[in-house]
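Please keep the sequence and the structure in view while reading.

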Amino acid sequence: MEGGGRFVGVAVDFSACSNKALKWAIDNILRKGDHLILVTVRPEGHYEEGEMQLWEATGSPLIPLSEISDGHTMKRYGVNPDPETLQMITLAARQMEITVVMKIFWGDAREKLCEAIDKTPLSCLVIGNRGLGKIKRAIMGSVSNYVVNNATCPVTVVKKAED
């Protein structure tokens, strides 16, 4: 895939942990011409809007950076990117000449991240290891563990330094 650049996925939930994974991907993996795909998974909800119901099965269309930065558009998707994430991706797009898009899935994060890898398809995925609280993780198991064991592409788990 030399000429066309790679599709580098980063799982984002706009937490400090996912910001660390995003920063790591920007510093260590991304290079000029690549596509940075921010993959975010929302819990399944009951959406009145027709298009949302349609996307619940397939995930959202690829959302360009201009729309990711637009609060009004993001609200329609039920997603609220934090300022740090927006700053990082805007800077990376400009300085590194990469294309940044977001894809939103609804459902179980473990299954949907694996689906994102196959359907996009991603060259690799970067994920933080601390998306869930301790109790949730005990019940559901670690999302990153599941993805590492089931993904069809290389997965990098970025650990959050303990405070």
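In this predicted model, Cys153 counts as buried, because its relative accessibility is 11% and the limit for a buried residue is under 20%. Cys153 takes part in no disulfide, and the nearest cysteine sulfur, that of Cys124, lies 6.4 Å away. Another cysteine, Cys114, is also buried, at a relative accessible area of 11%. The closest cysteine sulfur to that of Cys114 belongs to Cys153 and is 8.6 Å away, which is too far for a bond. A disulfide is a covalent bond between the sulfur atoms of two cysteines. In the structure as a whole, the number of disulfides is zero.

The wider architecture gives these residues their setting. The protein contains eight helices and six strands. Along the sequence, these elements follow the pattern β-α-β-α-β-α-α-α-β-α-β-α-α-β. Of the 163 residues in the protein, 45% are buried.

What lies in the interior? In soluble globular proteins, nonpolar side chains tend to be buried together. Here the largest nonpolar core has 31 residues, and the members that touch the most others are Val10, Leu36, Leu38, Val100 and Met102. Two or more residues of this core come from each of several elements, including strand S1 (7-11), helix H1 (16-28), strand S2 (35-42), helix H5 (83-96) and strand S4 (99-106). Val10 illustrates how such a residue is surrounded. Beyond its neighbours within four places in sequence, Val10 is in contact with Ala21, Leu22 and Ala25, with Leu36, Ile37, Leu38 and Val39, and with Leu125 and Val126. Apart from this core lies another, of 16 residues, among them Val101, Ile117, Leu125 and Val143.

Helix H8 (residues 143-150) shows how a helix can present one side to the interior. Its buried residues are Val143, Ser144 and Val147. Seen down the axis of H8, these residues fall within an arc of 95°, and they therefore line one face of the helix. An α-helix has 3.6 residues a turn, so residues three or four places apart point the same way. The cover over the buried residues of H8 includes helix H6 (109-119), S5 and strand S6 (155-158).

Not counting residues up to four places away in sequence, Leu86 touches Ile68, Ser69 and Pro81. The C-alpha atoms of Leu86 and Asp70 are 10.0 Å apart, with a separation of 16 residues along the chain.

Aromatic side chains come next. A pair of aromatic rings is described by the distance of the centres and the angle of the planes. A search of the whole structure finds one aromatic pair. The rings of Trp55 and Tyr77 have centres 5.5 Å apart and planes at 25°, so this pair is stacked; the angle for that class is under 30 degrees. The pair links distant parts of the chain, with Trp55 in helix H2 (residues 50-58) and Tyr77 in helix H4, 22 residues apart. Trp55 is buried, at a relative accessible area of 12%, and Tyr77 is buried, at 5%. The ring of Tyr77 also has the charged end of Arg76 over it, 5.7 Å from the ring centre. Elsewhere, Arg110 lies over the face of Tyr146, with 5.7 Å to the ring centre.

Most residues other than glycine have a negative phi, and most peptide bonds are trans. Which peptide bond is cis, and between which residues? The cis bond joins Thr120 and Pro121, with omega about -20°, and Pro121 lies in the loop between H6 and S5. Phe14 is not a glycine, yet has a positive phi of about 65°. Phe14 is found in the loop between S1 and H1 and is buried, with a relative accessible area of 16%. Glu97, also not a glycine, has a positive phi of about 55°. Glu97 lies in the loop between H5 and S4, where its relative accessible area of 48% makes it partly exposed.

Conventions:
Residues are numbered from 1 along each chain as its sequence is written. This is a predicted model: local features need pLDDT of at least 70, side-chain atom pairs count only at pLDDT 80 or more; totals for chains, interfaces and linings use all residues. Side-chain values use heavy atoms; hydrogens and water are left out. A nonpolar core is a set of buried Ala, Val, Leu, Ile, Met, Phe, Trp, Tyr and Cys residues joined through side-chain atoms within 4.5 Å. Buried means under 20% relative accessible area, exposed over 50%, partly exposed in between (1.4 Å probe, protein chains only). Helices (H or I, at least four residues) and strands (E, at least two) are DSSP runs, numbered from the N terminus. Contact means heavy atoms within 4.5 Å. The arc is that of the directions from the helix axis to the C-beta atoms. A disulfide is a pair of cysteine sulfur atoms within 2.5 Å. Rings of Phe, Tyr and Trp (its six-membered ring) pair if their centres lie within 6.5 Å; planes under 30 degrees apart count as stacked, over 60 as edge-to-face and the rest as tilted. A charge sits over a ring if NZ of Lys or CZ of Arg is within 6 Å of the ring centre and within 35 degrees of the ring normal.
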